[in-house]
Amino acid sequence: MSVRTTDDRSGSALSPVVVGVDGTEGSLPAVRWAAATAARGGRELLITHGLDLSAVHAALGNYATTAPALIAELRSRGAEFVADARGIALAAEPSIAVRTEVSDAKPAELLIRYSAGAHPTVLGVTPGIGTLLHLGSTLLAVVSHGHGDIVVVRGAIERDGPVVVGVDGSAVGEAALAAAFREASERRAELVAVHIWSDVDLAEFSGYSFLDVPPESMADAEKSLLTTRLADWCAKYPEVPVTCEVYPFDAAHRLTEWSKSAGLLVVGSRGRGGFRGMLLGSTSNSLVQQAFCPVMVVHPD
């Protein structure tokens with residue numbers, strides 16, 4: 001089956017890499033990762049911090065007369081956050097152009113707005129913060145509602161490893177493949193395509209009837225179909241070495257294991273089993289909070 005390999009978001013040099021900072025430890029690896037990405041692509045790096053002044057005014061209530069002094073302090077701290085981040089970025093990649101911004105907006109709204117034109121949008125995660133504390137946070141808001149490619153960087157792990165991509169045959173998965181091949185090419189890295197086939201609808205994934213593939217040969221058949229599905233992408237990126245891996249179940253666990261050796265993990269924002277209207281699938285949700293390497297969540301818009 002021929003697969004259209006359109007990659008409209010390959011990212012021109014005019015598209016900045018955008019990274020959000022908040023002064024926490026988790027921001028710093030994200031800044032370094034974003035700086036390296038900007039250097040590889042010859043792009044500007046935009047470092048931004050949102051003050052969320054609407055929440056400040058709401059919290060003050062009857063004490064609004066104290067607002068000017070408090071807001072001045074918040075602006076000063078925000079300026080320090082972005083200045084420190086700029087220094088870290090330039091120490092890592094001295095040749096890049098860096099722009100900084102302190103905005104009155106909510107951090108999540110700010111990054112979601114920028115994500116429509118960013119390549120990509122990057123956030124950091126403070127190590128040791130568990131799943132429950134991330135619910136409703138800036139992290140999940142941006143990953144769920146953002147546009148294009150959103151990268152979550154966990155901790156200070158920096159390694160050269162393969163780009164690992166989850167492949168499921170959906171339209172969202174096709175956008176993830178486009179991003180993964182592009183990243184592997186820019187990084188001069190191997191690409192590992194991981195497919196979980198236990199709940200696959202073969203008619204949707206490959207165009208074949210389920211009965212055409214004997215159950216005892218399912219794994220071999222799935223690997224063959226995966227290779228066929230990747231053929232057009234391999235032709236477009238002949239410089240990228242590709243390995244195909246198939247497993248019968250447990251996508252989140254398998255991809256988390258691969259994240260221990262990967263340089264970057266790429267997944268679609270929703271899997272083939274996601275409900276229409278669901279903004280973030282269960283596998284992607286798990287990986288942005290548990291993976292051992294940076295995770296790129298690709299939205300198909």
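These are my notebook entries on a predicted model of a protein chain.

**Ground rules.** I count residues from 1 along each chain as its sequence is written, and side-chain values use heavy atoms, with hydrogens and water left out. Since I have a predicted model here, local features need pLDDT of at least 70 and side-chain atom pairs pLDDT 80 or more, while totals for chains, interfaces and linings use all residues.

**Overall fold.** I looked up the secondary structure and got 11 helices and 10 strands (DSSP runs numbered from the N terminus: H or I of at least four residues for helices, E of at least two for strands). Of the 301 residues, 49% are buried (under 20% relative accessible area; exposed is over 50%, partly exposed lies in between, with a 1.4 Å probe and protein chains only). I then checked contacts (heavy atoms within 4.5 Å): among those between residues at least 6 apart in sequence, 79% join residues at least 24 apart.

**Largest pocket.** How big is its volume? I noted about 530 Å³, which is the space filled by probe spheres set on grid points joined across faces, edges and corners. My pocket criterion is an open set of points on a 1 Å grid over the protein atoms alone, where a 1.4 Å probe fits, with protein on both sides within 12 Å along at least five of seven lines; lining residues have an atom within 4 Å of a point. I get 26 lining residues, with Val 21, Asp 22, Thr 24, Pro 107 and Thr 138 nearest the centre. Helix α3 gives the most, four residues; β2, α4, β4 and α6 each supply at least two. By class I have 11 nonpolar, 13 polar and two charged (nonpolar is Ala, Val, Leu, Ile, Met, Phe, Trp, Tyr, Cys and Pro; charged is Asp, Glu, Lys and Arg; the others, Gly among them, are polar).

**Aromatics.** I found two aromatic pairs (ring centres of Phe, Tyr and Trp, the last by its six-membered ring, within 6.5 Å; planes under 30 degrees apart are stacked, over 60 edge-to-face, the rest tilted). Phe 181 and Trp 233 have centres 6.0 Å apart and planes at 20°, so I log them as stacked. Phe 181 sits in α7 and Trp 233 in α9, so the pair ties together parts 52 residues apart in sequence. Phe 181 is buried at 0% relative accessible area, and I read 0% for Trp 233 too. With Tyr 237 they form one aromatic cluster.

**Phe 292.** Where does Phe 292 lie? I placed it in the loop between α11 and β10. Phe 292 is partly exposed at 37%. Its C-alpha is 9.3 Å from that of Gly 263, 29 residues away along the chain.
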